[in-house]
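Take a look at the model below. This report covers the ligand's surroundings, then a sheet.

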Amino acid sequence: MTYYADEFGFDMPEVVALNGVHALGAAKANQTGHDGNFTEGAETKINNKYYKMMLDNSTVWEQVLSEPTEDNPNKPEWHWDGYSAEDGSQKIGMKLDTDFELFYDLQLVSEDGLAGCRPPNGIAEEELPLCPKYPTYEIARRYAQVGEGRAWWARDFAFVLDKMLLNKVDLSLLRDLN
Ligand code: HEM
């Protein structure tokens, strides 16, 4: 939050809207060490599934330590893999701590991002306490809503993405090419 505020002048609601971009694409083990599609089967579709998946009880989330690879210079870090609650072998997606932190204070217990608590749809080998909600919980939950949530998020995301792309651009220097 502090980085976004200092660099882009974003407030907390703007950060919540912007990070929904992680509906798209994937992490690759040889780049960041994290591995997997953010939203299985919809990696190129921009929608509010990003938020829904983290709240939905049809998905269970488990913390996973990234596997080192020969060409990945980064130290292993924890991320979250989501599976169908009905069929545990069906992968639903992948999330970073910074994604879940829009909903919960993960109470990290180590520098590699291990959470000291679990979200309500989180599973852990050891019984962990439930994570407290983060102050942005209600904003993220609003975007997760079926129906209207998608339109709310699309509108706010477009606004904040535009703001990010125009950050530090001096519009007075733009010339009319005609
Ligand atoms: C809290 C801030 C953020 C963090 C910690 C973060 C972290 C990451 C990480 C670790 C990956 C996986 C990269 C890989 O392994 O190749 C990733 C992927 C991605 N991020 Fe972010 N990100 C953040 C914010 C953003 C923002 C603001 C945007 C764009 C507006 C963005 C767009 C993307 C996209 C599109 C991918 C998928 C790339 C691909 O499929 O190759 N991220 N991000």
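How many residues surround the ligand, and which are the closest? There are 14 of them, and the closest are Gly-25, Ala-27, Gln-31, Thr-32 and Thr-98. A residue counts as near a molecule if its C-beta atom, placed from the backbone, lies within 6 Å of it.

This is a predicted model: local features need pLDDT of at least 70, side-chain atom pairs count only at pLDDT 80 or more, and totals for chains, interfaces and linings use all residues. Residues are numbered from 1 along each chain as its sequence is written.

The shell around the ligand divides by residue type.

| Type (members) | Residues in the shell |
|---|---|
| Nonpolar (Ala, Val, Leu, Ile, Met, Phe, Trp, Tyr, Cys, Pro) | six |
| Polar (the others, Gly among them) | seven |
| Charged (Asp, Glu, Lys, Arg) | one |

Now the sheet. Four strands form an open sheet in the order E5-E4-E3-E6, with mixed pairing. Its edge strands are E5 (91–95) and E6 (122–123), and each pairs on one side only. Strands are DSSP runs (E, at least two residues), numbered from the N terminus. Two strands pair if DSSP finds at least two bridges between them.

E4 (residues 78–84) and E5 run antiparallel, joined by four bridges. A hairpin of six residues links E4 to E5. Tyr-83 stands opposite Lys-91 in E5. Gly-82 has Gly-93 in E5 as its bridge partner.

Is E5 mostly covered or exposed? Four of its five residues are buried (20 or more other C-beta atoms within 10 Å of their own, with C-beta atoms placed from the backbone).

Technical notes:
A residue is buried if 20 or more other C-beta atoms lie within 10 Å of its own, exposed if 12 or fewer, and partly exposed in between; C-beta atoms are placed from the backbone.
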